[in-house]
Amino acid sequence: MTGRPLPVPDETSAPYWAACAEHVLKLPRCSNCGEFTLPPDVTCPHCQSPEPDFKFEPVSGRGKLRSWTVIRHSFLSGVEVPFLLVDVQLDEQPHIRMVGRLLDGPEAQLHIGDAVTVAFEDLSPEFAVPAFTLADAS
Amino acid sequence: MSGLFASHNRIAIVGYAHSEVVRRTSEPLGITALRTARAAIEDAGLTPEQIDGFTSSALLPSSGEHAAQDGISVVTSDWLAKHLGGHAHYVAGFQGIGQLTGSLSLAVNALASGAADYVLLHRALHNPAGKYNDNPTTEFAGDQQWSAPQGFFGALPAIAMVCNEYCQRYGATRESLADVVVEARKNGARLPWSYWHGKPITKEDYLAEPPINDPMSRLDCDIPVQGVGVFVLTTADRAKDLPHKPVYISSQAFGYPLHHRIPLHWTLDEMMESGVGLAQRLWESSGLGPADIDTAQVYDAFSPFVYIWLEVLGFCPVGEAHRFISEGGIDSDRPDSLGTLSGGGAIGNGRLHGLPQLLECYLQLSGRAGERQRPTTNAVMSYSAPHFGGAVVLTNDPA
């Protein structure tokens, strides 16, 4: 149990958080056009369907670093610093950009395009949040 | 629309006033706004009874838990119209992130349509007691469930990642960012009303400041303040009879987010992509181009915004703004430069949401910039980031 802020799931997000708790990354996929999106919206951002009926489906969670920052001061309570936040472009869904922590630590030597893979941080018995680790360079 | 702006040079700024920029004050923001509004109306050679239009945007831009109170911590046009007295025909507030350019467009459009004859545009910023952005919430519902659990919160982390992507891609460094901040503080230090009056910094000062979200430090961000700016606008035919040289609106253009992302996940590519479209509309509808512009007052709440705006507006090639600046391209002491932060900007004044940019364009174009006066016929100002904000071309030569 960390003191970090927790999400409050709702009907649009509950399957996402339930999968995260099992350490599986499932993203909402439009039932009309088949594109993934994040976060779910009231319409599909790709085909504009007003009835996207998003289904949450597993994705590989592999991606590339687009950018990063070391957070040395946070405006949130219960958040210990420093930590690395990364902006990740998913390999199979390149239009999706995720922001999570990089668990390799704030001193990690990084480059744009470095390969990463999804990992999970357990925030509480009920909640885990997606994060990333550097993929094996070999 | 396409082609020249239909109200091209038909609407003008005819007067202004601004308050002192202070860190905090016990004076309610509404009182500061009323005093400044009366001064602006007098400056324009008008009386409060003649003002029949009011536009503004009232957002308190904090991620902390501050309850906004009209007349105390925010000032809407409704509040100002009611408390100033008079006979308003048109009162409107802009809802969105591009507050100053958005509410300026409400003023321009109200005058162009005949909905009002004299419009008072204001922006009033407050610095609430306590920490500006600190937020004690432990459970986040709605949009922020997608970002707060990671510790991705407030505007700065995303801007820092945009900044880092720019630095990694184009070779900019903290030494380059220092050139932006030192220039803003140099100019702000020369302004008697600025919070940073008399307090320039050196490159060494900048580099000694530790980053808070790498590569950005506190010095790369504008400081929360209390301050009010007011402009009076009217039509070109009415402007001819007023005391000051009119400053005409040549064109205005706005940007919009292009991609669906988690809250506040602003990206470099999106800013550039949206900004290039904005600039194309701006120049086409003004009949001018970057080469015709004498000063570009671009938004600088966060230092890397200056790079992005100079590049999307076409003042230097993409990826080159940091070199353009380091080589003196915006140095206000060089007559051939763009003088981009000659009015101090946000970093040199305080968190005034585009007021320093619009004010400096007005002062230079109306010939009222005093010791800072530079030969100026055409100017451009911008506000916010290009994928939410706007830009305006202004001129004192409507021919």
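**Core, interface and local points**

1. The largest nonpolar core has 163 residues, and those with the most contacts inside it are B:Ala40, B:Val119, B:Leu120, B:Phe231, B:Val232, B:Leu233 and B:Leu310. A nonpolar core here is a set of buried Ala, Val, Leu, Ile, Met, Phe, Trp, Tyr and Cys residues joined through C-beta atoms within 7 Å. A residue is buried if 20 or more other C-beta atoms lie within 10 Å of its own, exposed if 12 or fewer, and partly exposed in between, with C-beta atoms placed from the backbone. H4(B) gives the most to this core, with 9 residues. At least three residues of the core come from each of domain 1 (11-59) and domain 2 (61-138) of chain A.

2. On provenance, this is a predicted model, in which local features need pLDDT of at least 70, side-chain atom pairs count only at pLDDT 80 or more, and totals for chains, interfaces and linings use all residues. Residues are numbered from 1 along each chain as its sequence is written, while chains are lettered from A and ligands numbered from 1 in the order in which they are written.

3. B:Leu310, listed above for its contacts in the core, is in contact with B:Ala296, B:Val298, B:Phe315, B:Cys316, B:Ala321 and B:Phe324, leaving aside its neighbours within four places in sequence. Two residues are in contact if their C-beta atoms, placed from the backbone, lie within 7 Å.

4. Between the chains, 36 residues of chain B are in contact with 36 residues of chain A. On the chain B side, the elements that give two or more residues are strand S5 (139-140), helix H4 (156-170) and strand S6 (211-213). H4(B) supplies the largest share, 7 residues. Helices (H or I, at least four residues) and strands (E, at least two) are DSSP runs, numbered from the N terminus. By class, this side of chain B has 14 nonpolar, 16 polar and 6 charged residues. Ala, Val, Leu, Ile, Met, Phe, Trp, Tyr, Cys and Pro count as nonpolar, Asp, Glu, Lys and Arg as charged, and the others, Gly among them, as polar.

5. Strand pairing also crosses between the chains: strand S1 (residues 6-7) of chain A runs parallel to S5(B), joined by 2 bridges. A:Pro7 has B:Phe140 as its bridge partner in S5(B). Two strands pair if DSSP finds at least two bridges between them.

6. Strand S2 (residues 53-56) of chain B is covered on both faces, with B:Gly53 and B:Thr55 buried on one side and B:Phe54 and B:Ser56 buried on the other. S2(B) pairs in the parallel sense with strand S3 (residues 90-93) of chain B over 4 bridges, and B:Phe54 is partnered there by B:Val91. S2(B) also runs parallel to strand S4 (residues 118-125) of chain B, again over 4 bridges, where B:Thr55 has B:Leu121 as its bridge partner.

7. Which residues of H2(B) are buried? They are B:Ser77, B:Trp79, B:Leu80 and B:Ala81. Their cover includes helix H1 (29-43), S2, S3 and S4 of chain B. Just after H2(B), B:Gly85 takes a positive phi of about 80 degrees.

8. The domain assignment of chain A gives domain 1 (11-59) and domain 2 (61-138); such bounds come from an automatic or database domain assignment. The C-alpha centres of the two domains lie 21 Å apart. Domain 1 of chain A puts 8 residues into the contact and domain 2 of chain A puts in 13. The domain 1 side has 7 nonpolar, 1 polar and no charged residues.

9. In strand S4 (residues 62-71) of chain A, 8 of the 10 residues are buried. S4(A) is antiparallel to strand S7 (residues 115-122) of chain A over 3 bridges, with A:Lys64 opposite A:Ala115. S4(A) is also antiparallel to strand S5 (residues 83-90) of chain A, over 8 bridges, and A:Leu65 has A:Val88 as its bridge partner there.

10. B:Lys199 sits in the loop between helix H5 (174-189) and helix H6 (203-208) of chain B. B:Lys199 counts as exposed because 11 other C-beta atoms lie within 10 Å.
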